[in-house]
Amino acid sequence: MCIQLQTYISLAGVHRLSQQPENPLLQLIHFSVLRVGGVCLMQTKWRDAQHPSLIDSISSFLADNSFRLNFVPIDPDFIFNCGGLSVAFLFLTNWDCNITSSIFSRVQKLKGQFGHFYVIVTLPTQEQHDSFTRSYFKYGMELGKPTFVPVQDLDMGFEKIVRIAHARGVCKKQDVIAQINAEREESVLVMDQFVKVVTSIPGINNHDANMLYAAIGSIEAISQASKSVILEKTDLSAERADTITRFFRDPNYYLSAKLN
């Protein structure tokens with residue numbers, strides 16, 4: 001049933017409206033607080049098939065929410081880019097039971113072209129609901145691949161599109177932040193190990209280790225640096241520069257017992 005199909009939506013931020021909006025799309029002021037921003041590519045063929053008032057409302061809505069709208073001859077009806085992630089949509093504004101074969105053929109084609117792909121289908125009547133449900137299983141759609149989102153009207157449909165794109169963008173941003181944090185933690189661990197190794201050299205302290213890291217780099221680079229290079233690039237004393245070069249190059253030195 002269509003009620004079951006609606007449960008396939010699990011993205012954070014994608015919720016079914018409890019009531020049908022009483023005002024047109026421009027009056028969805030409760031949603032404009034998102035101010036998500038991004039880029040929206042609308043298919044020119046889809047645009048030309050809609051009533052001009054709908055296109056005007058969508059354009060105004062996107063502008064109010066900091067989206068840049070471009071009309072292009074793309075295959076899906078919409079491609080949204082929020083937070084560096086592209087999400088493709090088919091927006092079926094008028095379900096026609098006589099052309100279901102071409103609709104699902106198009107869905108199957110686009111499903112293989114986009115990693116993030118959704119189909120928004122407007123089903124205001126029970127007859128259309130029933131037709132959609134029969135066709136969904138008739139043409140062998142795999143549950144959730146892609147996700148179909150049945151809606152009652154155009155306003156709700158377009159809101160779903162922007163909410164899904166926004167939710168996907170937020171997830172992408174969180175993944176990037178998590179990766180940055182992980183890399184930062186890794187760099188801290190690497191630096192800790194570096195300091196431990198370098199300060200094991202007699203007479204070299206944390207300040208010297210940090211200076212060597214900033215001026216010369218890795219332990220391998222330090223081990224290959226000559227005394228003159230160390231003196232040129234750091235403010236270490238000649239005695240400490242000599243100790244460092246001897247530590248890495250003179251086996252009689254680095255294999256002997258040392259007292260701190």
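Okay, let's start with a side chain: Gln43 reaches the backbone oxygen of Asp75 at 3.2 Å. That's a polar contact, meaning a pair of N or O atoms within 3.5 Å, where within protein one must be able to donate a hydrogen and the other to accept it, and residues adjacent in sequence count only if both atoms are side-chain atoms.

Quick caveats. This is a predicted model, so local features need pLDDT of at least 70 and side-chain atom pairs count only at pLDDT 80 or more, while totals for chains, interfaces and linings use all residues. Numbering runs from 1 along each chain as its sequence is written, and side-chain values use heavy atoms, with hydrogens and water left out.

Back to Gln43. You'll find it in strand E1, residues 38–43; strands here are DSSP runs of at least two residues, numbered from the N terminus. Gln43 counts as buried because its relative accessibility is 9%, and the cut-off for buried is under 20% relative accessible area, with a 1.4 Å probe and protein chains only. Beyond its neighbours within four places in sequence, Gln43 has contacts (heavy atoms within 4.5 Å) with residues including Ile74, Pro76 and Arg106.

Now, E1's partner. E1 and E3 pair antiparallel over four bridges; pairing takes at least two DSSP bridges. Strand E3, residues 78–82, has four of its five residues buried, so it is largely enclosed by the rest of the structure.

On to E4, residues 85–92: five bridges join it to E3, again antiparallel. Asn81 sits opposite Ser86 there. The two strands make a hairpin with two residues between them, and Gly83 in the turn has a positive phi of about 65°.

Key
Buried means under 20% relative accessible area, exposed over 50%, partly exposed in between (1.4 Å probe, protein chains only).
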